[in-house]
Amino acid sequence: MAASPTVTVTPPAPEGGRPGGAAVPRGLRYANRSLAITGTAIIWVALLGPVIALLTHLSWHSIKTSLSSPGAFEPLILSVESGAVTLGVLVLLGTPLAWALARGTLPFPRVWEAGVLATLLLPPLVIGLLLVFMVGPFTPIGHLLSGLNLSATDTFLALVIAQVYESAPYYILGAQAAFSGVDPRLEQQAALLGDPPRRVFRRVTVPLAAPGLAMALAISWARAMGAFGAVVIIAYHPTALPLQIWTTLQETGLPSALPFALVLLVVALPLPLAAYIWSARARSRRRG
Amino acid sequence: MLEADVEVDRRDFTVRAALTVAPGERLALFGPSGAGKTTILEMIAGLVRPRRGLILLGGRVLTSTDRPVTVIPPWRRRVGLLRQDPGLFPHLSVRANLLYGRQGSDAEAASELTELARVLGIDELLRSMPARLSGGQAHRVALGRLLLSHCDALLLDEPYTGLDASLSRTLTDLVVSLVAERAVPSILVAHELAEAQAFADRLAVLDSGEVLQTGEPGAVVLSPATRRVAELVGYTSFVPLPASPGQPGAAVAAIHPDRVVAGRRPERGLVLDGMVTSCRPAGALWEVTVMTGAATVTGRFPEPVASRRELVFTAIDPPVFGSDGASVARQPVSADRDTRWVRWTGVG
């Protein structure tokens with residue numbers, strides 16, 4: 001065959017010359033690797049440190065005495081109840097907003113997003129103070145509530161409001177991310193196969209977003225359980241778990257507060273952990 | 001019967017199309033990327049709203065911008081759309097995916113599913129999750145899902161582009177046989193001619209939103225209506241013809257690289273000669289570039305040719321275009337077949 005003038009011959013790549021990676025000496029590579037592992041381990045231990053400290057400083061005796069006092073479990077029950085109501089409110093009101101944010105169907109989407117972020121960025125204590133000005137007894141909303149024989153200071157309602165403010169951005173932003181991860185073409189395909197939008201949402205959108213939604217819900221549950229800053233200002237009574245820890249700490253000291261901290265962890269953590277395990281399994285099933 | 005007469009504005013141009021596809025007919029919309037092919041399908045599927053238009057499917061009005069204004073939403077159109085991404089629902093098993101769009105009695109659906117899964121060769125996979133499937137298997141499931149949903153029209157948006165050639169061919173043949181069996185109108189969008197031809201019994205060439213030519217897949221390639229169509233269907237060289245008494249001005253003959261034979265064959269077309277400037281393998285052929293006097297011509301030949309040699313070859317029956325780009329009658333045929341084409345001699 002005749003040689004063609006357009007054929008160019010590429011010289012063979014030099015021995016062992018991987019693009020980009022090449023000439024790092026083996027020793028240096030090991031040093032790099034061990035440095036990375038050490039750094040990771042340090043931050044991991046540091047983050048888990050408080051939990052380890054809690055477990056090492058608890059004794060059976062102190063747990064027994066703290067939890068056997070009369071009414072010791074009332075704050076726990078209160079926290080679980082208000083947390084459940086909070087989650088219900090978030091799912092009902094937060095899900096549509098999260099979905100609209102994810103699909104960009106709202107006018108001025110950045111403004112809406114900024115509103116959600118504001119509640120995340122404001123310190124909870126400040127939110128509590130501002131809530132007094134918003135829903136306190138001498139405000140229009142307060143008047144409205146008292147007309148309905150309700151009050152948003154030092155009541156169950158106040159506790160739920162404070163918890164909603166502290167946990168809503170975690171749920172809304174998490175759910176937004178979960179919905180954003182759903183390929184709109186799959187929703188389109190479902191529509192073309194005959195499903196009206198509501199059924200598409202139920203059969204495709206929610207199941208596909210479920211792992212992310214579960215995580216968002218679990219995190220906001222943990223936030224609601226641990227809500228303190230806003231709660232201490234507008235819902236000092238009835239006493240929820242975090243406040244009970246605080247008052248116990250104030251009145252009888254650290255050792256008797258620790259068992260309640262354990263109770264709080266035991267109540268707040270299983271849901272997030274279960275959600276984490278479930279969503280990890282669901283994701284891996286879909287990846288095949 | 002699917003009838004669409006639609007207009008919609010895109011960024012740079014207006015897409016205008018008037019198409020009629022009979023039940024069981026397979027129309028291919030062929031054109032370069034960005035010609036508006038997908039937009040036409042999306043208008044029929046109800047995903048894009050035409051500025052002006054009327055879309056009818058089996059007597060039902062799907063879209064009408066004239067009174068009474070009608071826009072049937074996608075979920076009530078019964079139009080199936082297959083894209084390059086099979087779009088299987090990752091949280092559902094293959095079986096649940098297949099039955100997704102199925103309305104009606106379970107027993108009937110189950111027997112139809114079994115039968116179709118066997119035809120598609122996916123009966124072993126019904127319990128699998130989509131992530132476990134190969135690309136070809138996923139496409140088979142996507143096709144089965146559409147067919148089980150009993151859609152009244154099938155739209156295929158380059159579904160098998162990017163798969164390897166034999167798999168793409170197998171899947172296309174499968175669609176063709178199933179479309180024929182069910183007698184639904186179907187439209188395939190393709191930017192590769194061979195893909196369009198493998199599917200269609202009618203080809204529409206689309207460019208910048210306009211349908212330039214419609215015809216049988218073979219005929220469109222042999223007799224492109226305009227120079228632009230010729231370019232789109234693969235004619236790469238345009239050789240100016242000498243002015244003749246019947247044809248003043250610059251007529252050009254379009255040369256398709258696959259429609260050339262070596263040697264002087266004046267009875268078959270236009271004889272050209274010139275200097276070979278390059279020769280490189282192209283599949284099982286050799287792609288040879290020849291400098292003729294007026295143009296550089298590319299042709300593919302079964303034998304390699306040495307560079308810097310003179311080559312005489314014949315372009316088989318090339319279409320001829322006038323200076324306005326429209327097809328003109330080929331050179332008048334004289335009694336002597338040899339003079340049908342003037343010989344164009346280049347620098348030799």
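**Figure 1. Buried residues of helix α1 of chain B.** The buried residues of α1(B) are K37(B), T39(B), I40(B), L41(B), M43(B), I44(B) and A45(B). A residue is termed buried if 20 or more other C-beta atoms lie within 10 Å of its own, exposed if 12 or fewer, and partly exposed in between, with C-beta atoms placed from the backbone. Helix α1 (residues 37–45) of chain B is thus mostly covered, seven of its nine residues being buried. Helices (H or I, at least four residues) and strands (E, at least two) are DSSP runs, numbered from the N terminus. G46(B) follows α1(B) and has a positive phi, near 90 degrees. The model is predicted: local features need pLDDT of at least 70, side-chain atom pairs count only at pLDDT 80 or more, and totals for chains, interfaces and linings use all residues. Residues are numbered from 1 along each chain as its sequence is written, while chains are lettered from A and ligands numbered from 1 in the order in which they are written.

**Figure 2. Contact between chains A and B.** Chain B contributes 26 residues to the contact and chain A contributes 23 residues. Two residues are in contact if their C-beta atoms, placed from the backbone, lie within 7 Å. On the side of chain B that touches chain A, the elements giving two or more residues are β7 (79–82) and β15 (269–282) of chain B. By class, this side of chain B has 15 nonpolar, eight polar and three charged residues. Ala, Val, Leu, Ile, Met, Phe, Trp, Tyr, Cys and Pro count as nonpolar, Asp, Glu, Lys and Arg as charged, and the others, Gly among them, as polar.

**Figure 3. Packing of helices α3 and α9 of chain A.** Helix α3 (residues 74–103) of chain A packs against helix α9 (residues 197–226) of chain A at an angle of about 135 degrees, with their axes 9 Å apart. Axes are lines fitted to C-alpha atoms, for helices over the stretch in contact, and angles run from 0 to 180 degrees between N-to-C directions. The two helices α3(A) and α9(A) are therefore oblique to each other. Angles under 35 degrees count as roughly parallel, over 145 as roughly antiparallel, 65 to 115 as roughly perpendicular and the rest as oblique. The crossing of α3(A) and α9(A) is right-handed; a crossing is left-handed if the near helix is turned anticlockwise from the far one by less than a right angle, and right-handed if clockwise. From α3(A), S79(A), G83(A), T86(A), L87(A) and L90(A) meet L217(A), S220(A), W221(A), A224(A) and M225(A) of α9(A). The contact of α3(A) with α9(A) has six nonpolar, four polar and no charged residues.

**Figure 4. Packing of helices α9 and α13 of chain A.** The axes of α9(A) and helix α13 (residues 270–287) of chain A come within 9 Å and cross at roughly 170 degrees. This makes α9(A) roughly antiparallel to α13(A). Among the residues in contact are A210(A), P211(A) and A214(A) in α9(A), and L271(A), P272(A) and A275(A) in α13(A). The contact of α9(A) with α13(A) divides into 15 nonpolar residues, one polar and one charged.

**Figure 5. The five-stranded sheet of chain B.** Five strands form an open sheet in the order β14-β18-β15-β16-β17 (chain B), with antiparallel pairing. Its edge strands are β14 (260–262) and β17 (296–301) of chain B, each of which pairs on one side only. The twist averages 45 degrees from one strand to the next. Two strands pair if DSSP finds at least two bridges between them. Three bridges connect β14(B) with strand β18 (residues 310–316) of chain B, and V261(B) has T314(B) in β18(B) as its bridge partner. β15(B) and β18(B) pair over seven bridges, where the bridge partner of G274(B) is L311(B). Strand β16 (residues 285–291) of chain B is joined to β17(B) by six bridges, and E287(B) stands opposite R300(B) in β17(B).

Figure 6. Most residues other than glycine have a negative phi, and most peptide bonds are trans. A cis peptide bond joins H237(A) and P238(A), with omega about -15 degrees; P238(A) lies in the loop between α10 (229–234) and α11 (241–252) of chain A. The peptide bond from R67(B) to P68(B) is also cis, omega being near -10 degrees. F108(A), not a glycine, has a positive phi of about 50 degrees and counts as exposed, with 8 C-beta neighbours inside 10 Å.
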